[in-house]
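I am opening my notebook on this structure and will write down what I look up, one topic after another.

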Amino acid sequence: MKKLIISTLMAALSVCTVVAQQSNNSSALASSVKKLDQAKTVKDYQALEKEFSGIAVAQKTNWLPYYYAAFCNASIGFLYQDNGESVEPFSNRGESLAQKAKSLLDTAKQKKELSELYTVFSMINQSRVFINPMTYGPKYGPIAQQYLNKAKQLNPDNPRVAFMEAWFKYNTPKMWGGDKDLAKQLATKSLKLLQNEPSNGEMPHWGQTEDTELLNKYKN
Amino acid sequence: MKRNAINHFISTVLLMLTAHFSYGQYHISGTVKNDAGEPVPLASIKLSQRNEGTKTDTAGFFDLTTSAKEKIILTVTSVGYKLFKKELIPGDSTAHLDIVLLSNINTLGAVTISAGSFEASDKAKGASLTAIDALTVAGSNHDITLALRSLPGAQQIGEQEGLFVRGGTGAETKQYIDGTLLKSPNYPGVPGIQQGARVSPLLFSGILFSTGGYSALYGQALSSALILESIDMPPKSSAYFVAYLANIGGGLQKLAHDGRSSYGFNISYSDQTFYNTLVPQQPSYFAGPKYLQGDANFRIKSGKAGMLKFYTNWSSSEVGMLNPDIDSASLRSSYHVKGVSSYNNLSYRNLLSENWKVDIGMAYSYNEVNTLYKVLNQQSQPVILTAEPLMYSSSQSDIKSDFAQARIVFTRFLSRNQAIRFGAEHFYSRDHGMSNDSTIALTDNLTAAFAEGDIYLSDNLAVKAGLRLENSSVLHQLVVAPRASLAYRLNGNGQFNLAYGIFYQEPENDLLYHTSGLTFSKATHYILNYTRKANNRFFRVEAYYKRYDDLVKIGPVTNNSGNGYAKGAELFFRDKRSVKNLDYWITYTYLDTKRDYLYYPYELRPSFATPHTATAAIKKSFPDINSFVNISYAFATGRPYYDFLYNQPGNTTRIADQGITKPYNVVNLQIAHLTSLFSNWKDKPISGFSIGVNNLLGTNQVFGYNYSYNGNNKLPINLPARRYFSAGIFFNFGIDRTQDVLDNNL
């Protein structure tokens with residue numbers, strides 16, 4: 001009888017620890033994701049990348065922290081678009097984190113998730129173009145475009161896909177298919193899609209700041 | 001109840017006893033992975049305070065036993081990762097650890113040494129130069145050496161082709177393609193008029209312009225090496241066609257479906273006759289100038305990392321011009337040159353194993369130059385003069401040169417981007433022909449062996465040290481040339497570079513035809529520079545000292561008693577960021593040089609060097625109207641000129657007159673615009689036009705003076721026409737060569 005009581009207590013205790021650990025993990029992810037909404041500078045993104053990497057290692061099988069860590073590297077790449085000397089390590093690291101995230105996804109079933117991930121792959125390849133647009137552009141520009149097309153196929157209502165489309169249309173010269181009017185339409189569409197997007201835990205929900213920043217360029 | 005307690009007590013005691021008897025072996029095993037979940041092989045595992053450790057295997061597993069009894073600290077290290085530490089207390093018989101290493105993002109990458117050199121490669125980052133950046137400088141006329149004059153170190157020499165670097169002549173700069181020497185980069189020389197380059201610069205994806213202190217893998221250039229790498233594989237198949245005022249050309253490049261091989265060819269023909277009727281030239285041309293050039297290539301990938309490349313270039317040229325004779329008002333001096341040349345280059349590289357690489361290069365070139373100087377009277381009949389000195393105004397030569405080279409270089413890769421390279425090469429050259437009535441015959445075999453190491457003394461300190469041995473058959477001499485350079489990277493994007501080296505070069509062929517007993521000429525370089533690259537801007541300042549020894553002197557005896565020095569400082573600043581769509585660089589060069597060589601009576605400032613030179617290259621694109629504007633500007637202080645009187649008493653030379661020319665001041669402009677013809681075609685072709693003017697402001701450039709024999713008549717050496725105009729259209733089929741097309745026509 002005593003044994004029974006002791007072993008039951010032991011079991012209950014171990015369950016509690018596991019539950020406690022899990023809720024620690026998801027609250028860590030939630031808090032980092034919240035911080036991501038406020039991130040602006042390279043330093044912010046570097047600190048967040050460390051947090052997401054730590055969470056990714058602790059959780060082991062969740063694609064999301066790897067996605068966010070890759071997203072942080074892609075964001076740093078974009079912040080460095082006029083600093084071609086510094087971009088490459090972040091593009092490379094972002095790529096390997098995104099690959100790891102992909103390996104944790106069921107590519108047949110998790111279409112929405114894969115669409116988010118391909119958007120980040122597109123950003124990472126575009127960041128490589130910033131290293132030196134004349135020589136890296138012809139190789140990585142088309143790859144970035146291909147990833148974005150795949151992301152759109154998987155989820156045509158993804159507002160982040162619409163934003164990246166707007167970004168490409170705005171920043172590409174007319175000769176190679178750029179179209180500033182279309183870019184404005186796409187950014188507006190992206191904002192609308194964001195408003196209609198249901199909040200979904202820690203799933204990616206960025207895009208508002210980016211769309212607003214792009215649309216502000218038209219005010220001048 | 002009592003029985004249970006006793007049982008309990010006995011089992012506890014037994015447990016304690018057995019624990020005591022297990023001879024204290026603590027067994028630790030586990031895996032080491034990075035935070036992307038990948039195993040880290042060969043990570044170093046150490047137990048502190050004990051001389052025990054192990055390494056992880058290729059799957060990241062490790063297994064370690066220790067007889068430690070007290071607390072130990074386990075550390076795991078691996079390049080590129082932060083140090084991992086864990087405290088362990090030996091107690092349980094085994095411990096299993098799943099270790100995750102956090103990466104130490106090396107945001108800096110490997111240090112590369114850049115003393116005395118500008119690298120322009122397709123892998124360039126930020127504001128570092130790419131090959132296209134160098135080649136699209138306005139006014140470069142598809143000649144790499146003209147494009148590179150917009151970089152510091154090169155002098156603005158308008159009347160001759162070649163690169164005159166830091167007080168050295170054009171012959172002291174050599175060009176190499178994929179390791180082998182390009183013997184005659186330009187068409188045969190015409191007095192006072194720059195001749196174009198034979199090889200199209202679009203062949204190259206990498207240009208290393210070394211203004212001194214270059215690697216032990218190259219030699220036989222006292223001042224500078226221009227090390228060129230050809231493109232490996234075109235991105236897609238394409239064809240192009242261009243038509244300009246003075247030349248037309250076309251080409252085709254085909255890439256195999258599997259992307260593992262390609263072939264292509266180009267043809268271009270240039271005839272300035274029509275252009276010369278539109279724009280009057282100073283010389284009166286009776287033949288050409290015309291140039292015909294064709295080239296072909298194939299490239300084949302082999303295995304995972306192998307590459308075989310073949311390039312062949314064939315050209316022929318003819319220029320015939322008449323100028324007033326400097327010695328006699330009633331006569332005219334005629335110069336007629338015809339040239340035929342072929343250049344062939346085969347190169348192969350491959351990985352022999354994970355750590356070994358081999359590069360093989362072979363080149364063969366044939367060059368024939370037929371030159372005829374005549375003096376004509378008013379009726380255009382040749383005049384045979386017999387009185388000294390005018391009898392020397394007529395001359396004729398026909399010289400054929402064969403050149404062959406074979407080269408092999410082995411590279412052994414070491415850890416952390418370090419490497420050791422060694423190899424050997426052999427140059428065979430044979431000149432034969434006639435010069436006036438005497439026969440020319442010269443055969444030379446030069447063999448060289450070299451070795452060089454790239455070592456990192458720390459993450460921020462890189463050293464390159466090498467040695468080169470050269471042996472010449474015609475000089476009967478063996479020399480040893482050490483080379484060393486160093487780079488020290490500072491915190492915050494700056495870097496110091498240092499270079500030292502000894503460089504040998506054989507005397508020019510025309511000196512060797514009739515003289516024996518000459519030796520190698522020698523130059524010693526000392527270079528120090530500081531560079532800073534960040535935010536798409538590139539700043540560089542460099543200072544150097546060069547000592548020349550054993551230069552050839554022509555006098556009562558022709559020997560190697562000449563010498564000289566060159567010292568100076570250079571500045572380079574490039575900014576791709578401050579203004580959108582604007583890319584510019586500015587340079588300043590200070591040069592102080594004197595030499596005693598050839599006919600000079602004593603140490604003089606040579607006529608191809610000037611103290612101050614400044615250049616600027618500006619490129620602005622207007623993407624909304626698909627147009628590009630390139631401007632280049634060069635300013636240089638005047639160059640010295642001398643009237644040498646040869647054959648004075650005692651077989652010496654005397655200077656009868658000397659001076660400094662007026663400063664050099666030239667602006668070049670090029671504009672290109674892309675149109676969209678045939679935009680309904682499936683593979684929309686790229687087309688457009690480009691117009692350019694060299695010496696836009698029409699300033700009168702004087703590069704030096706020619707003196708008549710009695711010194712009374714002094715004629716300036718100018719450009720053949722104040723301005724040079726180019727205008728043409730280009731078509732390209734195949735989306736990939738777009739950037740190429742722009743650069744070809746800018």
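What share of the contacts in chain A with a separation of 6 or more is accounted for by residues 24 or more positions apart? I looked this up for the model, which is a predicted one, and found that such residues account for 61% of those contacts in chain A.

**Chain A, overall.** I then listed the elements of chain A and found nine helices and zero strands, so I read the order from the N terminus on as α-α-α-α-α-α-α-α-α. Of its 220 residues, 44% count as buried.

**The domains of chain A.** The domain assignment gives domain 1 as 25-136 and domain 2 as 157-220, and I noted that their centres, taken over C-alpha atoms, are separated by 19 Å. The contact between them takes nine residues from domain 1 of chain A and six residues from domain 2 of chain A. On the side of domain 1 that touches domain 2, helix H1 (2-38) and helix H5 (111-129) of chain A each supply at least two residues, and the largest share, five residues, comes from H5(A). When I sorted the residues of that side of domain 1 by class, I got five nonpolar, three polar and one charged.

**Helix H9 of chain A.** Which residues of helix H9 (residues 208-216) of chain A are buried? I found Glu210(A), Asp211(A) and Leu214(A), and because they cover an arc of only 95° around the axis, they lie on the same side of H9(A). On the other side of H9(A), I noted Thr209(A), Thr212(A), Glu213(A) and Asn216(A) as exposed. What covers the buried residues of H9(A) includes helix H7 (159-171) and helix H8 (180-196) of chain A.

**A sheet in chain B.** Between strand E1 (residues 26-34) of chain B and E7(B), which run parallel, I found eight bridges, and in E7(B) the bridge partner of His27(B) is Thr94(B).

**Where the chains meet.** Last, I looked up the contact between the chains, which takes 25 residues from chain B and 22 residues from chain A. The side of chain B that touches chain A has nine nonpolar, nine polar and seven charged residues.

How values were computed
Residues are numbered from 1 along each chain as its sequence is written. Chains are lettered from A and ligands numbered from 1 in the order in which they are written. This is a predicted model: local features need pLDDT of at least 70, side-chain atom pairs count only at pLDDT 80 or more; totals for chains, interfaces and linings use all residues. A residue is buried if 20 or more other C-beta atoms lie within 10 Å of its own, exposed if 12 or fewer, and partly exposed in between; C-beta atoms are placed from the backbone. Helices (H or I, at least four residues) and strands (E, at least two) are DSSP runs, numbered from the N terminus. The arc is that of the directions from the helix axis to the C-beta atoms. Two residues are in contact if their C-beta atoms, placed from the backbone, lie within 7 Å. Two strands pair if DSSP finds at least two bridges between them. Ala, Val, Leu, Ile, Met, Phe, Trp, Tyr, Cys and Pro count as nonpolar, Asp, Glu, Lys and Arg as charged, and the others, Gly among them, as polar. Domain bounds come from an automatic or database domain assignment.
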